[in-house]
Every structure is written in structure tokens, then in C-alpha cells.
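Let's take a friendly walk through this two-part structure report. Have a look at the picture first, and then we'll go through it piece by piece.

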Amino acid sequence: MSHIRTRIRQNLVTTLTGLDNTGSNCFDTRVFPMHSSVLPGICVYTVNETSQYPSMRPPRTLQKRLSARIEVYVKMTSTYDEMVDQISADIEEALYTDLTRGGLAIDTRVISFDTDFSADGDQPVMVGRLTCEVHYLAVEGSPEG
Amino acid sequence: MAVETLDDRTLLLADFGVSCTGTTSGNATVTFTAIYDAQHALEEAGGFVAFSLDQPRLTCVTSQVSALAEGDTVTVPVNSVNTDYTIRVVMPDGTGITELALEKQ
């Protein structure tokens, strides 16, 4: 069994694979550059996690808040902003279909979105970044659930 | 005195350049010789990973492309295939040579 965080990230990737505009171009913690054949594409990262201890006696229950970053990569001559928005809409709809991430979590919330652009290459490029919080419970000393 | 003169660069353009056809917004046609280059680059755009892409550029004599501006189109023979671009940035170097940054269509 793997860490609950790993399984949640894998669930996110599975959920976001096969969307209308990105198809199979959805990657788990991609570290290599995005080239034309994988665009438009989505990359999923788990970037931060915090724990709270609501009970006193070990083994304590942990309330975990996992922050996942879902990045949308688009390169096209025009309407790149509309494409990022459309893919973001696809992502939000897909995430909403199961807020428990396959029973691993209590809730999934998209809490922020921001973008960046560049036009130094052969076509404009744009990145949309969605920050997604996944709330789940774990027991102290049992990170694999 | 510059290390290279415009005459030196014009010779290079004649030797290594290709014939390009620009079209202005008013539909006027401009034919000029330019050196085409599409250097590969990794472009950061705010994500965890970069974009892997090309940076197509034309190096040409300023006086030959003075009628062209941002938004005009240009057809460039790339590996003997005519390829359409839109001019996105006009970059004169102040010594008679202009570099055009292109967007692939």
C-alpha cells in the first residue's frame, strides 16, 4: 500500500485523464518540459500538506489538508486564454464528480486559480494553475491508511 | 566604426538568405532576402516545467522590410516548404539590420 497522498494524487491524474481538450496528456509530477506533442496538457503535483491533531491520546486522528497544484499548459496562436478557461472548466467538472477521491478523502475544493503567459516562442504559451485542497483523515503512525 | 558594416552583412544575407514574401495589412507585397533561424528554447511561463519550443526569427536588411509591421504576414521557405508566419516583433538593431520575431500560423 502506498501513502494516502500518493493515492490521492493518482486519483487526481486518473480523474483528469481523457478530458475533451487534453485527452491522454495528463501527467503525474512531470519534471520534463512540455513539447508540442503533449499540448495542451495537464500536470498534477502535490505541493504541500498540513496536519492537525484534534484528539489527545495516541494514536491520534490526523486531519490532513493536502494542497495539489493542477497546471494547464496551452500553446496556440489565439484564444489561448479561452482554451485555458475551457480546460479549467473541464477540470472543475471532473473533480466534482467524486469529491471523496475514490473514498480516500472527506472533501475536495478548488481554492484558487492564476495564470502566466509568454510569447518568446513560435506561438504564445499560457499556463493556468489551479490549487486544489483535498481534506482527508489518517491515523497517526499509519500514513498508508 | 562597427566591426561589421552593413555591406558585410548584406553579403552574408546574399549567401545564406532565402527569399521571403511579406504582405502588409494593406495587401501590398514585399519581397526580401532574410536569414531564417529557429533556435530551440525552453520557455518558462510560470509553471513547474518549461515549454519546449522554437523561436523563429528572420534577419534582414532594414530598408527592405521598412514597409512591414507587427501583424503583417510573411511566407518563408523552411526546408523548401513555404510556411506562413505573422510578424510579432520588429527589432531594428540601429545599424541597418532588422530581426523579425515570428509567430507560426
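In which sense do strand 5 and strand 6 of chain B pair, and over how many bridges? The pairing is antiparallel and runs over seven bridges, with strand 5 covering residues 81–92 and strand 6 covering residues 97–104. One bridge to look up is that of Val89(B), whose partner in strand 6 of chain B is Ala101(B).

Keep in mind that this is a predicted model. It scores ipTM 0.90 and pTM 0.90. Chain B has an average pLDDT of 93, and 98% of its residues score at least 70.

Next, how do the two chains meet? Chain A brings 23 residues to the contact, and chain B brings 19 residues. On the chain A side, strands 2, 3, 4 and 5 of chain A each supply at least two residues. Here is where to find them:

| Strand of chain A | Residues |
|---|---|
| Strand 2 | 41–52 |
| Strand 3 | 61–75 |
| Strand 4 | 107–118 |
| Strand 5 | 125–139 |

Sorted by class, the side of chain A that touches chain B holds twelve nonpolar, five polar and six charged residues.

Key
Residues are numbered from 1 along each chain as its sequence is written. Chains are lettered from A and ligands numbered from 1 in the order in which they are written. This is a predicted model: local features need pLDDT of at least 70, side-chain atom pairs count only at pLDDT 80 or more; totals for chains, interfaces and linings use all residues. Two residues are in contact if their C-beta atoms, placed from the backbone, lie within 7 Å. Helices (H or I, at least four residues) and strands (E, at least two) are DSSP runs, numbered from the N terminus. Ala, Val, Leu, Ile, Met, Phe, Trp, Tyr, Cys and Pro count as nonpolar, Asp, Glu, Lys and Arg as charged, and the others, Gly among them, as polar. Two strands pair if DSSP finds at least two bridges between them. pLDDT is the predictor's confidence in each residue, from 0 to 100.
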